[in-house]
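Hi everyone, thanks for coming. Today I'd like to walk you through a structure that may be new to you, one ligand at a time.

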Amino acid sequence: MMNILITGGAGFIGSHVVRRFVNTYPSYNIYNLDALTYAGNLENLKDIEKAANYKFLKGDIVDEASVCEIFKEYRFDGVIHLAAESHVDRSIKDPLAFVKTNIIGTVNLLNAAKEFWKDDKDGKKFYHVSTDEVYGSLGQTGLFTETTPYDPNSPYSASKASSDHFVRAYGETYNLPYVISNCSNNYGPNHFPEKLIPLFINNIIEGKSLPVYGDGKYTRDWLFVEDHAAAIDLVFHKGKNHETYNIGGFNEWQNIELVQLLCQIMDGKLGKPAGSSEKLIEYVKDRPGHDLRYAIDANKINKELGWYPSVTFEQGLERTVDWFLQNKEWLSRVTSGAYQEYYNKMYS
Ligand code: NAD
Ligand code: TYD
């Protein structure tokens, strides 16, 4: 039996990773440590919550004592660390929350792993899940590789960059076994409707405007969340100690083109006349420090570990839209209460 700690497992990507590990590896005990912030939702894991090899632990990674407690109690062999504050716009409003969870929380986990693995590192692994945003912004050409210098521009990406540096430093200084992956923008079921794709799906359903920042010419590389979970599985099991892997969708889209495609899919699914949803597009004030373009060179993980995305963007978007339309209750539950306050503050 292996005891694996997954942090942030009630969030968007974490829930897909937890499900995959619980279902694929019955011989692992999967412990999901999550503080259940606004972004964490145990409904995301309803289908596996009673599995014999799964246990939810409510806890805050910023709380050093409770992180140590759970390491002591469950003697983890591996950690897959996803818990984070993850939204750039929120980081602009409240950077300190990002310092606390993303930096201090990560260092607490590193300290616990260092302490509990100090006499026997055999088979142990600390996997830190990070983002391509640490590399900063590209111009019209070029790709981020694993050796691109870090150049973060938002409080979110600065906090993730800092946590990556700490993980690497613990590897060098204390010989902590680790791997890091830096992934591009994910999308899919259970995505919290503050990020571009789920926000716009929700707004189209509600007939609200679609707030495109600036001129809409910003570019992101998009990956279906289950393909990211598959990559995480591979990196966790086969990734080389002390290495970084970039993960991306080979799938760049300008925001405005993506939004137009999403509008077409939504019109079709909702049985509306072509062009209806596009009429909701509204160009709004730009995000401060907005990164022009992210694009990932994912050749290392492809060549070394044989990973490649399995879902095309059109298939993935359609599956995502279908999921949101079939899970309107999930959507209305996460968009009630505090979400309305957030929305008014951000978009009024
Ligand atoms: P998310 O915001 O949907 O989920 C984050 C989860 O972490 C939530 O369940 C939340 O409750 C939990 N959490 C937050 N603070 C915590 C704390 N102090 N203690 C314990 N749990 C806490 O995020 P996501 O989009 O699923 O991202 C997961 C990870 O993947 C993050 O580390 C993020 O930086 C990284 N990442 C995300 C993307 C993306 O496109 N979403 C891309 C690349 C990398
Ligand atoms: P987002 O989903 O927040 O991810 P990230 O900032 O981590 O890439 O945003 C994706 C892109 O969409 C980014 O260029 C900002 C833009 N955007 C909008 O134009 N309007 C919005 O309301 C949001 C949330 C994002």
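Before we start, one term: a polar contact is a pair of N or O atoms within 3.5 Å. With that in mind, look at Arg 220, where a polar side-chain atom lies 2.7 Å from an oxygen atom of ligand 2. Please remember that this is a predicted model.

Let's stay with ligand 2. Glu 133 also reaches it through its side chain, with a polar atom 2.5 Å from a ligand oxygen. Leu 196 uses its backbone instead: a polar atom there is 2.9 Å from an oxygen atom of ligand 2. How much of the accessible area of ligand 2 does the protein cover? On its own the ligand has 510 Å², and the protein covers 97% of that. Helix H3 (88-93), helix H6 (196-206) and strand S8 (210-213) each give two or more residues to the shell. In all, 20 residues surround ligand 2, and they split into 10 nonpolar, 4 polar and 6 charged.

Now over to ligand 1. Here there are 29 residues around the ligand, and among the nearest are Asp 34 and Lys 160. In Thr 101, a side-chain N or O atom is 3.1 Å from a nitrogen of ligand 1. The protein covers 96% of the 830 Å² that ligand 1 has on its own.

Which element gives the most to this shell? That's S5, with 3 residues. By class, the shell around ligand 1 holds 14 nonpolar, 12 polar and 3 charged residues.

Definitions and conventions:
Residues numbered from 1 in each chain as written. Chains lettered and ligands numbered in written order. Predicted model: local features only at pLDDT ≥ 70, side-chain atom pairs only at ≥ 80, totals over all residues. Heavy atoms only, no water. Near = heavy atom within 4 Å. Polar contact = N/O pair within 3.5 Å; in protein donor to acceptor, adjacent residues only side chain to side chain. Areas by Shrake-Rupley, 256 points an atom, 1.4 Å probe, with all protein chains shown as cover. Helix = DSSP H or I, 4+ residues; strand = E, 2+ residues; numbered from the N terminus. Nonpolar A, V, L, I, M, F, W, Y, C, P; charged D, E, K, R; others polar.
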